[in-house]
Amino acid sequence: MKRTMNEITTDIMTQQMNMEMAMEPEQFNVQIKELFVELYQKEDGIYWFYRDNEKKMQMVDEHMTKCKNIKKMLHNTNERVKQLVIQSHEELKTMPKNSVFNPLKIRKSAGAVEVIDSNDIPDEYWITVRTRKLDKKRILEELKDGAKIPGVRLLRKNFVGGFR
């Protein structure tokens, strides 16, 4: 019975992994040597075997790229669904009906600072690290508390939760 390269190499790896379980080291060595001799006799097929594995790896790489693209597309679709939920409920001036089967909620984000003109922002809101940088956390806190700060405004975005 002719065996394939894959079968022979699989047997060699299996034997090597089971080396600790071998009762007699001499018998183990004889079996390994026989397998390597069988592999040597099929040496002409090694290049084919190698090229075949490279083709399979390339196929896997292509499949992984396709899967990543599909995942990105699905993510973008979910983001569009969230925006659709927000837009439809804003248009109707309603909130989603929340139940066990519909756990969706529309909430306001915690807020973010939108810098309109950084030149108008007073010096007290700048942090000096190696360069001059806005203290957006402080600005956000003060904007939330109702302060009016030149050059910025409180930006709140809607987002959808409950999809997980």
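Where in the chain does serine 109 lie? Serine 109 sits in the loop between S1 and strand S2 (112-115). The model is predicted, so to speak about local features we need pLDDT of at least 70, side-chain atom pairs count only at pLDDT 80 or more, and totals for chains, interfaces and linings use all residues. Residues are numbered from 1 along each chain as its sequence is written, and side-chain values use heavy atoms, with hydrogens and water left out. Helices (H or I, at least four residues) and strands (E, at least two) are DSSP runs, numbered from the N terminus.

- The expected span here is 1.5 Å times one less than the number of residues in the helix.
- Phe28, Ile32, Leu35 and Leu39 are the buried residues of H2. They take up an arc of only 60° around the axis, which puts them on the same side of H2. Buried means under 20% relative accessible area, exposed over 50%, and partly exposed in between (1.4 Å probe, protein chains only). The arc is taken from the directions from the helix axis to the C-beta atoms.
- Turned away from that buried side, the other face of H2 carries exposed Glu26, Lys33, Glu34, Tyr40 and Gln41.
- What do the buried residues of H2 pack against? Their partner is helix H1 (5-17).
- H1 passes the length check too: 13 residues should span 18 Å at 1.5 Å a residue, and its end C-alpha atoms are 18 Å apart.
- In H1, the buried residues are Met5, Ile8, Thr9 and Ile12. Their arc is only 95° around the axis, which puts them on the same side of H1.

**Nonpolar cores**

- The largest nonpolar core has 10 residues: Val113, Ile121, Tyr125, Trp126, Leu134, Ile139, Leu140, Leu143, Ile149 and Val152. Helix H4 (residues 136-144) gives the most to this core, with 3 residues. A nonpolar core is a set of buried Ala, Val, Leu, Ile, Met, Phe, Trp, Tyr and Cys residues joined through side-chain atoms within 4.5 Å.
- Apart from that core lies another, of 6 residues, including Ile8, Ile12, Leu39 and Phe49.
- Setting aside neighbours within four places in sequence, valine 152 is in contact (heavy atoms within 4.5 Å) with Val113, Glu114, Val115, Ile116, Ile121, Ile139 and Leu143.

**Helix H4**

- Ile139, Leu140 and Leu143 are buried in H4. Looking down the axis of H4, these buried residues fall within an arc of 100°, so they line one face of the helix.
- Lys137 and Glu141 are exposed on the H4 face turned away from the buried side.
- The buried residues of H4 pack against S2, strand S4 (132-134) and strand S5 (152-155).
- Just after H4, glycine 146 has a positive phi of about 100°.

**Rings and charges**

- Arginine 132 lies over the face of tryptophan 126, at 4.0 Å from the ring centre. For a charge to sit over a ring, NZ of Lys or CZ of Arg must be within 6 Å of the ring centre and within 35 degrees of the ring normal.

**Loops and single residues**

- Serine 109 is buried, with a relative accessible area of 18%. Leaving aside neighbours within four places in sequence, serine 109 touches Arg156, Lys157 and Phe159.
- Leucine 104 is in the loop between helix H3 (46-92) and strand S1 (105-108). At 15% relative accessibility, leucine 104 counts as buried.
- Lysine 93 is also placed in the loop between H3 and S1, but lysine 93 is exposed, with a relative accessible area of 74%. Its phi is near 55°, a positive value in a residue other than glycine. Most residues other than glycine have a negative phi.
- Serine 118 is in the loop between S2 and strand S3 (126-128), and at 30% relative accessibility it counts as partly exposed. Serine 118 and glycine 151 are 33 residues apart in sequence, yet 5.9 Å apart in space, C-alpha to C-alpha.
- Glutamate 79 belongs to helix H3 and is partly exposed, with a relative accessible area of 32%.
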